[in-house]
Amino acid sequence: MKKHVEETFNKLAVIYEHHVDETSLYNSEYERPAMLQELPQDLRTKTVLDAGCAAGWYTEQLVNRGAKVIATDLSPQMVAAAKRRVGSKAEVICLDLEADLPFEDQSFDVIVSSLTLHYIKNWRSTFREFRRILKPTGVLLFSIHHPFMDLKLSENGDYFSIELLLDKWKKQGEIFTVPFYRRPLHYVINETAALFQIEKIVEPQPTSKYKVKSPESYEKLMKNPHFMIVRARKGEIR
């Protein structure tokens, strides 16, 4: 699974670098505006981990808000693309989020993870590492596929299982097979709440610009959520 994800996103890196920002409304007019709304405009005193940075779009946004940023991705080609985007403004490294992270305890104020965690089957060890490297009141902000959307792609029809699915993405005329894990809502909530204090659950809605550009898709998203966002804080474990 991990090797498949790495190979797939190595192939997608050029598309993410040169086309996704302009052509993917799911990113530009749906997930990204909702995620950015959960972050302060001024991050000048903050150290931020961009966990799963892809081609570095969020890395650049965080830098522009004044943060000191370390960005990571499993795909070497995505890391190379992110480095081309941000240059020396951020540190970008190739990293497996399922392994022990090479960072000191309590070294980050914020961890941002955009549409990444559904490529990881078991979250507990990753979340333990996230908790370890966050400062005492640090924030974890992540987005994932919405469990209700994923269920429509299920092959076994068992909502309560964690299921490996293979999705088909059409990008720039090519078809890519993208593996990810579908999981029930209670898993998302309980695994987060086991180590963090959940502050907010966001089921984003598309922007008005999305409606202008793709009214049919807009109407579908207004009735059927595709992504969900969780904002949590380190705090004390009850």
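The views show a predicted model, in which local features need pLDDT of at least 70, side-chain atom pairs count only at pLDDT 80 or more, and totals for chains, interfaces and linings use all residues. Residues are numbered from 1 along each chain as its sequence is written, and side-chain values use heavy atoms, with hydrogens and water left out.

View 1. Helices (H or I, at least four residues) and strands (E, at least two) are DSSP runs numbered from the N terminus. Strand 8 (residues 197-202) is antiparallel to strand 9 over five bridges; two strands pair if DSSP finds at least two bridges between them. Strand 5 also pairs with strand 9 in the antiparallel sense, over seven bridges. Six of the seven residues of strand 9 are buried, where buried means under 20% relative accessible area, exposed over 50%, and partly exposed in between (1.4 Å probe, protein chains only).

View 2. Val139 belongs to strand 5 and stands opposite Arg233 in strand 9. Val139 counts as buried because its relative accessibility is 6%. Not counting residues up to four places away in sequence, Val139 touches Asp109, Val110, Ile111, Leu134, Arg231, Ala232 and Arg233; contact means heavy atoms within 4.5 Å. The C-alpha atoms of Val139 and Ile111 are separated by 6.3 Å, with the two residues 28 apart along the chain.

**View 3. The largest nonpolar core.** A nonpolar core is a set of buried Ala, Val, Leu, Ile, Met, Phe, Trp, Tyr and Cys residues joined through side-chain atoms within 4.5 Å. The largest one has 26 residues, of which Leu49, Trp123, Phe127, Phe130 and Phe142 touch the most other members. Elements giving two or more residues to this core include strand 1 (47-51), helix 5 (124-133) and strand 5 (134-145). Strand 5 provides the largest share, four residues. Among the residues that Leu49 touches, beyond those up to four places away in sequence, are Ile70, Phe103, Val112 and Ile133.

**View 4. Ser24 between two helices.** Ser24 lies in the loop between helix 1 (2-23) and helix 2 (25-37). With 9% relative accessibility, Ser24 counts as buried. The side chains of Ser24 and Asn27 are joined by a polar contact of 2.6 Å. A polar contact is a pair of N or O atoms within 3.5 Å; within protein, one must be able to donate a hydrogen and the other to accept it, and residues adjacent in sequence count only if both atoms are side-chain atoms.
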